[in-house]
Every structure is written in structure tokens, then in C-alpha cells.
Amino acid sequence: MSTAKKLLHGLEKKYVVNAVFSPIVMIGEVCVEVIIPYIMKDLIDIGIHNKDLAYVLKFGCIMIALSLLSLTFGVLGTKFSTYAAQGFAFNLRKRLFHKIQGFSFSNIDKFSSASLITRLTTDVTMTMNVFRMLIHMCVRSPVMLIAGTIMAFQMNADLALVFLIAIPVIVISILLIASKAHPRFEKMMKKFDSMNGRIQENLIGIRIVKAYVRGEYEEDKFCKSAAEVRDAQVHAEKLIIFMMPVMQMVMYLSMLGVMWFGGNQVIMGKMEDGILISFFTYVIQVLSSLMFLGMVFVSLVMVKASNKRICEVLDEDAEIKNPTHDAVMEVKDGSIEFDNVSFSYNKKAGNLVLSDIDLKIQSGQVVGIIGGTGSSKTTLVSLIPRLYDAFRGNVKVGGVDVRNYDLKVLRDSVSMVLQKNVLFTGTIKENLKWGNENATDEEIVQACKAADADSFISSFPDGYETELGQGGVNVSGGQKQRLCIARALLKNPKILILDDSTSAVDTATETRIRTALKKLAPSTTKIIIAQRISSVKDADVIFVLDDGKISGYGTHAQLLKSNKIYKEVFESQQQGSGDADLGGDE
């Protein structure tokens, strides 16, 4: 599929109609504008020359009427093109966002979130502007160029040759400039990605920046990045800036030539005054339309980089796809099995982050996972809801390979509370309903009580209708964790994964949460990833991960006897006089 078809695919009929009407109306405007100088010729040479006031008034009124008609056509053309371009941008952004929603984590990692934001905003805006220019000017300018040239030759063929010499000069200038512009604009867009990445990173980590008093350092980094964008943009647009003076110089030289040779013909009586004035108007129309065509052509070169970046997203195949047929539409229970599973982020056997994982978890069990930083605990549980796919081996849920499930069905049956707790702009209730949009107020309160969140929510003046800032900035880390746990519980999942999700609460709160979870969801398989052994010691089975491999499993008592790593972690936390088990932000 060509780039144009990819970008226009799925455009709604109403926008297509406007995109078609815009050039049609612009042709009408051109026809009217070309007629006006021809009438003006007779008005001057016949009406004014013969001092015929009635003739002047008659054709003057006709010119005014034609000018108003031209204005109407111009306004309609602008309206149609603007509406079509905005619809085009809306459709394109919607398709891009829908595509991104289907990406796996690895797809998003490939592009980076900052780059995807740039493509959805800056790149689409540039493409929209060029699309509008195409449907607005790409028909009008060629028609004006042809019609104006024909009328000029009809009036005085010898004089028309003067401004025709300017056309190849302008065309050659445009081609030379355009050939060098594209690589510069590609480089500019990469600098935009880098700057957006800086902004995103700084805003997400603004509390850390404040805490470490690194504001000036971050400002310097941003200024450097912004300067790189400025320099790349100036470097790219120097060519475009140079093009306009060249075109204008050629146009003005052509006008001078027409004035010189035409004026001599008028003096010698070979041409009437009205013909020269009308001819001069046609020269301006022809050369202006040529300049607009040049601008359109250069804009196409400029936007080529943006089109390429947009198509890269549209062409990207999601690494995790729904089964093409016979997808399993029900998760029987929360049992989990890893059968010789290995995983690599770059899909290479020589760079495995999980190796030969074999484990079985029965439905309803409470499972603990312990391991040092970088032991791939989060990666392991991410394979259960197919956030990633195993490089080798099989992951089964409810006795069925996860790759055979409908993705929505599988993920609706698995609730994950990740290390990074994310809340969205809106009320607390709206955020909680992400777990179940049809949840009743009673179910919401019950889930919040289980997550030990109801007490602090009730302390807010607006309770569950309290507005949360972006990312939940107006609640503490521990409160955010408990809200995320409550949201996960509202899904009533077959499997609940808590990925170090109680690290910001004190041990007493954590104990209350664990006790409530047992009562509220006794049949749900609960997987708890933790740094504190106190968080998992009561689990039915605990798996110890070390460098992407299972170094041991069993109950707390069994591992103390049989697993050296587990025993060392336990003893180090005990020697800390319980400090390792304390903390939280409440």
C-alpha cells in the first residue's frame, strides 16, 4: 500500500466529500479571477479611453460582482479544506492511538514513548497542514498557471515569452532545494523525539528532581536538547528561507521585464494601456501560482520524514496477537504452569533473562516470589497475562497455553498491581472502576476495605468523588498502592499478581491487606512479589529467583533449611532488628 493510501485509509465519507469539494470550488475561484483582468482591459481601453461613464459603471459593477463571487469561492474552499484536513488529522491520530493500544511492551520499547508522542502530535500536525495545502492549492495553482498563461499569450504572445523565461529558473531552484531538505528534516524530527523524552522524564520524576535539588541540572539538559532542536530546525529551514527570496527576485525581475518591453510597445502604439495593465495582472497570477506550487513541493519534501515515521507505527506488527481462530473464551481456573520457559527481550538465545523455568501453581494458592534486584521477577509474572511472550517453552493458565486465549479474556482474568502504581486524572471512583466499569458503590467500598483504602478515602471531604491529579500526585505512595490493589480486586480475577505493591505501606497495614485478601478472594490465585520475607512467609509456596533461574521453592520453613539465598536474605533482615520490615509513608 502506498504512503498516501496508508495515511488516508478509513477517512470518513464526510471528510472525503469536503476534500473533493475544496479543489472544485477553487477551480471556480480561478475561473472568476482569470475573467476579471480581461474585463478590466475593455473597461480601460473602451470605457475610460472613450470617457463612456455608462460603460465604465456597467463593467465596473460586473467586476465587483465577480470579485464577490471569487471571495465566496475562496471562503468556501478554505472552509472545505480546513474541515477535511482536521478530519484527516483526527482519523490519523485515532488510528495511530488504536494501533499503539495493540502494541506489546516490546513494541513500545522499540519506538520509545517520547517518540510515539511526537508522532501523534508534531508529525500528524505537519502531515495535516500539507494535506490541507494539497487539496487547497495543488489544483488551484496549476489551473491558475495554465489559464493565466493562455490568457497572457492570447493578449500578447511576444510579451508572454518574457515571463516564461522565469518558470524554468524557479523550477530548477525548487528541485535543488528540495533534494537537500529531506535528510535535514529527518534529523530535525529525531531531535524533537529526544527533547520530548527529556520533558517526559523530567515531569514524571519531578519529585526526585526537587528532592535532590537538581532543577538547574535538568534545566541545563533541557536547554541543550532544545538548542539541538533549534539548530536542526534552522539548518533544515535555511534552505526553505533561501527559496522564497530567490522566487520573489525572479518574479520581480519578470515584472520589470514586462513593464519595460510592454511600456515600449504602448509608447510605440503597438499595444493598448488596458492590455498592458491586464497582462501585468496575469503575470502576477502565473508567477504567484508557480511560487505556491513550489511551496507545496517543498512542503511535501519536508513532510516526507513525518509521513515515514507515521507509517512506521501503522506498519508495525504487534508482537502479541490474538489467535486467528478458535480462541479460548473462558479461563477455567487460576492454575498456572511454566513448562521449560525461557525469555529474552531481544529474542536472542544468547541473551536470556529467564532460563528453563519450570513451576506449577494450583488454583487458589498464595504464592510468594523472592529474588534480588535484576533477578527478573517482574518479567516472570508478565508472561502470565501475555504482556510478553515466552522465547521458548509454554506458559499455561487454567491448563491452556496463554497463546490460545482471546487476549481480552485472558487479561480480564488476571489482575496485576505493578511496581509503578499508575492512576489517571479523574475521581477516585473513576479510577477504581477501571477494574470493573459496572461495579456498584457497595462493591467499590468492599474492595477498598480489603485494600485498607476506605479509611483514608473517607477522610477526604469529597470521599470517593475526590479528584486525583495527573498520575495521582495528590495522594501518597502508600495510598496510591492501596487504590491500585482495590482497583485490581474489583476485576474479581482468577489470578491476582502483587508486584512489590505493598512496599510503601507499613507492616501492620500490609498484614491487614493480606488477611482481607484471603477472606475476600479465597479462590483467587495470589502471587506476591516482595523484597521483605515477612510479606511472603505465610504463602503456600515460595519461589526463589536468582539470575533468571529458580534456585529453590517450598514453604518458609523448608526454604530456611534448604535454600542458602533465602536463608541469607532472612538472616540479614532479622539482623536489621526488623528495620527492613518497616517503612512506608503513612
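Colleague: Which residue in β10 stands opposite Ile495?

Modeller: Thr525 stands opposite Ile495. This is a predicted model: local features need pLDDT of at least 70, side-chain atom pairs count only at pLDDT 80 or more, and totals for chains, interfaces and linings use all residues. Residues are numbered from 1 along each chain as its sequence is written, and side-chain values use heavy atoms, without hydrogens and water.

Colleague: What makes β9 and strand β10 a pair?

Modeller: Two strands pair if DSSP finds at least two bridges between them. β9 and β10 (residues 525-529) have five bridges, in the parallel sense. Therefore they count as paired. Strands here are DSSP runs of E with at least two residues; helices are runs of H or I with at least four; both are numbered from the N terminus.

Colleague: Which residue of β9 is the bridge partner of Met416?

Modeller: Ile497 is the partner of Met416. Strand β6 (residues 414-417) pairs with β9 over four bridges, again in the parallel sense.

Colleague: Why is strand β9 called largely enclosed?

Modeller: Five of the five residues of β9 (residues 495-499) are buried, so the rest of the structure largely encloses this strand. Buried means under 20% relative accessible area, exposed means over 50%, and partly exposed is in between (1.4 Å probe, protein chains only). Ile495, Ile497 and Asp499 point one way from β9. Leu496 and Leu498 point the other way.

Colleague: Why are the buried residues of α15 said to line one face of the helix?

Modeller: Start with the residues. Ile444, Ala447, Cys448 and Ala450 are buried in α15 (residues 441-450). Seen down the helix axis, the buried residues fall within an arc of 160 degrees, so they line one face. The arc is taken over the directions from the helix axis to the C-beta atoms.

Colleague: What covers the buried residues of α15?

Modeller: The cover includes α14 (428-432), α16 (454-459), α17 (477-489) and α18 (507-520). Contact means heavy atoms within 4.5 Å. The face turned away from the buried side carries the exposed residues Glu442 and Lys449. After α15 comes Asp452, with a positive phi near 60 degrees.

Colleague: Why is the pair of Phe88 and Phe131 called stacked?

Modeller: The structure holds 11 aromatic pairs. In this one the centres are 4.4 Å apart and the planes are at 20 degrees, so the pair is stacked. The rule: rings of Phe, Tyr and Trp (its six-membered ring) pair if their centres lie within 6.5 Å, and planes under 30 degrees apart count as stacked, over 60 as edge-to-face and the rest as tilted. Phe88 lies in helix α3 (residues 53-101) and Phe131 in helix α5 (residues 113-137), so the pair ties together parts that are 43 residues apart in sequence.

Colleague: What makes the pair of Phe343 and Tyr345 edge-to-face?

Modeller: The angle between the planes is 85 degrees, and the centres are 4.9 Å apart. That angle is over 60, so the pair is edge-to-face. Phe343 has a relative accessible area of 1%, so this residue is buried. Tyr345 has 40%, so this one is partly exposed. Ring pairs also link Phe343, Tyr345 and Tyr388 into a cluster.

Colleague: Why does the charged end of Lys41 count as sitting over the ring of Tyr38?

Modeller: The charged end of Lys41 is 4.7 Å from the ring centre. A charge sits over a ring if NZ of Lys or CZ of Arg is within 6 Å of the ring centre and within 35 degrees of the ring normal.

Colleague: What makes Lys110 and Glu316 a salt bridge?

Modeller: The N to O distance is 2.8 Å. A salt bridge needs a side-chain nitrogen of Lys or Arg within 4 Å of a carboxyl oxygen of Asp or Glu. So the pair qualifies. Lys110 lies in helix α4 (residues 105-111) and Glu316 in the loop between α11 (273-315) and β1 (336-343), so the bridge ties together parts that are 206 residues apart in sequence. Lys110 is exposed at 57%. Glu316 is buried at 10%.

Colleague: How many salt bridges does the structure hold?

Modeller: It holds 17. Among them, Lys429 and Glu465 have their closest N and O atoms 3.3 Å apart.
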